[in-house]
Amino acid sequence: MSPKKSSKPLKYRAIWISDVHLGYKGCKAEYLLDFLRSTETEYLFLVGDIIDIWSMKRTMFWPQAHNNVIRMILGKAKHNTKVIYIPGNHDEEFRAYSGIVFGNVEIHSEYTYESLDGRRIHMLHGDKYDSMMQCSRFIEFIGNLSYDFILYANRLLDKARRRLGFPFWSLAKYVKNNIKNAMAHIRKFENIVAADAKKRGYDMVVCGHIHHADIRLIDGVVYCNDGDWIEHCTALVEQLDGTIELIHWSDKQHAVKSDSEALPEFPQVA
Ligand SMILES: [Mn+2]
């Protein structure tokens, strides 16, 4: 928790991150850069929604920090890290390149890895279970909004409602009331993912998609979700002794400047 940073990197055997949403305003790219700079790993698994192509189609947003994340990942891939990229629904365009290696980054639609203690870990983004879920779009919608944005949207909505003669209605309150409902859907998602992993004979499953980091034992399968870099700044790691744990990077350090200080820049297509 000290603001002084140690120069020694944290060493892991594997790191899983997903739902970074580069190209989307809410992405905490500076936190992720700091995390990537502070860690060393043999394997880096990118579990989908790394680049938010959906959002970029709506609004072009690409500050330097987002470029730096890509450069940092490619830099690691060039040196001592094996980087596996499993595209998600926001970057589904990359699924067409499954099995191909780009700049030392291997792309796979799903991937299986053996942990240090010999467990078979299956990885996928998780959106393929959306059809088995109801209201999953709602959860994703909520997950993609920051509380600030909800308050901002609430102000705009209130202005419009007043003009039309309607009383104040709290969007923020509505969202909070739906959290309980969202929690039930998160549990449902976790159970569906774990049940499929069990059926396919895996010991453990790692996914993302719902922006809710967790490690839970569900009916004999270890369900892991590595969270997101929009609100939670979480990563799943395998320590050098085989222990698997969640890291909340925003809790660990403070001196990260906000993305808004970086000037917007268009991506360089290589
Ligand atoms: Mn997703």
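A residue is taken as buried if 20 or more other C-beta atoms, placed from the backbone, lie within 10 Å of its own C-beta atom. By this criterion, 35% of the 270 residues of the chain count as buried. The structure is a predicted model, in which local features need pLDDT of at least 70 and side-chain atom pairs count only at pLDDT 80 or more, whereas totals for chains, interfaces and linings use all residues. Residues are numbered from 1 along each chain as its sequence is written.

The chain has eight helices and twelve strands, assigned as DSSP runs (helices H or I, at least four residues; strands E, at least two) and numbered from the N terminus. With contact defined as C-beta atoms within 7 Å, 70% of the contacts between residues at least 6 apart in sequence join residues at least 24 apart.

Beyond its neighbours within four places in sequence, V206 is in contact with W16, V47, I121, M123, C224, D226 and L236.

The axes of helix 1 (residues 29–37) and helix 3 (residues 64–78), lines fitted to C-alpha atoms over the stretch in contact, come within 9 Å and cross at roughly 25°. Because angles under 35 degrees count as roughly parallel, helix 1 and helix 3 are therefore roughly parallel to each other. Helix 1 contributes A29, E30, L32, L33 and L36 to the contact, and helix 3 contributes A65, H66, N68, V69 and M72.

Methods: Two residues are in contact if their C-beta atoms, placed from the backbone, lie within 7 Å. A residue is buried if 20 or more other C-beta atoms lie within 10 Å of its own, exposed if 12 or fewer, and partly exposed in between; C-beta atoms are placed from the backbone. Axes are lines fitted to C-alpha atoms, for helices over the stretch in contact, and angles run from 0 to 180 degrees between N-to-C directions. Angles under 35 degrees count as roughly parallel, over 145 as roughly antiparallel, 65 to 115 as roughly perpendicular and the rest as oblique.
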